[in-house]
Every structure is written in structure tokens, then in C-alpha cells.
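Okay, thanks for coming, everyone. Let me put the fold up on the screen and we'll walk through it together.

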Amino acid sequence: MEETERMDDLIENSEGQVLRSFVIPGRRLRSPDELDDAAVEAELKALLAQLALFGIAFDVCEHCTPRDAYRLLVTEVLPKEHGYPEMRGTGWVQHYSTSDYCAQCDAEAERDYQAYEAKRKKEAGDQPPGDAPPDEDKES
Ligand SMILES: [Zn+2]
């Protein structure tokens, strides 16, 4: 409970710090293009471990290779997203995800939303009269 309040307070009163600053100062972020697959994975793991110390998780969706994830991390997430170093060691976890940048995840979310909307309308009896299918036992 206390942590939640602390986090609320931080979010309200602080911009936080760009995630790049959480990574070991002076650590050069290497471009994915200069790394082979094994090195990309190693760098990715090292950065994720570093962020994890501050309660920052970067979730990798099923559509992203380690290279995709690493590229997103160094080009989008680390330079642009913010976190709160004050939360270090509190057990609070802030999530960032490749799915925020993933066209396939987007499409899936859109499909889920459409399905949800369709179901909601059906349940709300929004169907034009006489147009409803006779049996209701179809699951999405
Ligand atoms: Zn995805």
C-alpha cells in the first residue's frame, strides 16, 4: 500500500528520469547492426538486468526476435521512456513492452477489441430487431 502511494506521488510530482540514465553511466549503447545474434542477445540481457535493478521490466512479445527487441530498446525505449530511480529495491515493477511498438500486437489488440465490442453490443441487445441469430450458444 505504501509503495503504491509512493509511486502515485512520484508520478504526480516527478517527471522521472529517462531510462537511458539508468543504464551504467558511460555504457555505450551499441547499434544492433554492429552486433551478431549472440552479441545482440547478450547486450539485451545485460540491459534488461540493469533495468530490472530499478524495477523496470521490458517484456518481449512473441513476434519480436532478440534483435528486434534490442533495437526497440536502444532506439525507442531507453532514450524516450521514463522511470523512477527512487523505486529501486521497492519491489515495484514498471512494465514496458515491445508490444507497444509491434504492428502484429496492435492488430491482435484491435481484433480483440472488435470481438469485445461485438460481444458487448450483442449482450446489450443492440442488435436490430429480427436480425439476431436464433441460437445464442455460439462462443466468439
Ligand atoms: Zn507483438
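Predicted model: local features only at pLDDT ≥ 70, side-chain atom pairs only at ≥ 80, totals over all residues.

Numbering starts from 1 along each chain as its sequence is written, and side-chain values use heavy atoms, with hydrogens and water left out.

So, the layout. The chain has four helices and four strands, and along the sequence they run α-β-α-β-α-β-β-α. Those are DSSP runs numbered from the N terminus, helices being H or I with at least four residues and strands E with at least two. Of the 140 residues, 28% are buried, and buried here means under 20% relative accessible area, with exposed over 50% and partly exposed in between, using a 1.4 Å probe and protein chains only.

Now, which residues touch the most other members of the largest nonpolar core? They are L19, L47, I56, F58, Y70, L73 and L78, out of 19 in that core. By nonpolar core I mean buried Ala, Val, Leu, Ile, Met, Phe, Trp, Tyr and Cys residues joined through side-chain atoms within 4.5 Å. α2 (37-52), β2 (56-59) and α3 (66-80) each put in at least two residues, and the largest share, seven, comes from α3. Take I56: leaving out residues up to four places away in sequence, I56 touches L19, F22, L51, G83, Q94 and Y96, where touching means heavy atoms within 4.5 Å.

Rings of Phe, Tyr and Trp (its six-membered ring) pair if their centres lie within 6.5 Å; planes under 30 degrees apart are stacked, over 60 edge-to-face, the rest tilted. F22 and F54 have ring centres 4.9 Å apart and planes at 75°, so they're edge-to-face. F22 sits in the loop between β1 (17-18) and α2, F54 in the loop between α2 and β2, 32 residues apart. Both of them are buried.

Last stop, α4, residues 103-123: its 21 residues should span 30 Å, and its end C-alpha atoms are 30 Å apart, which agrees. That expectation is 1.5 Å times one less than the number of residues. After α4 comes G125, with a positive phi near 70°.
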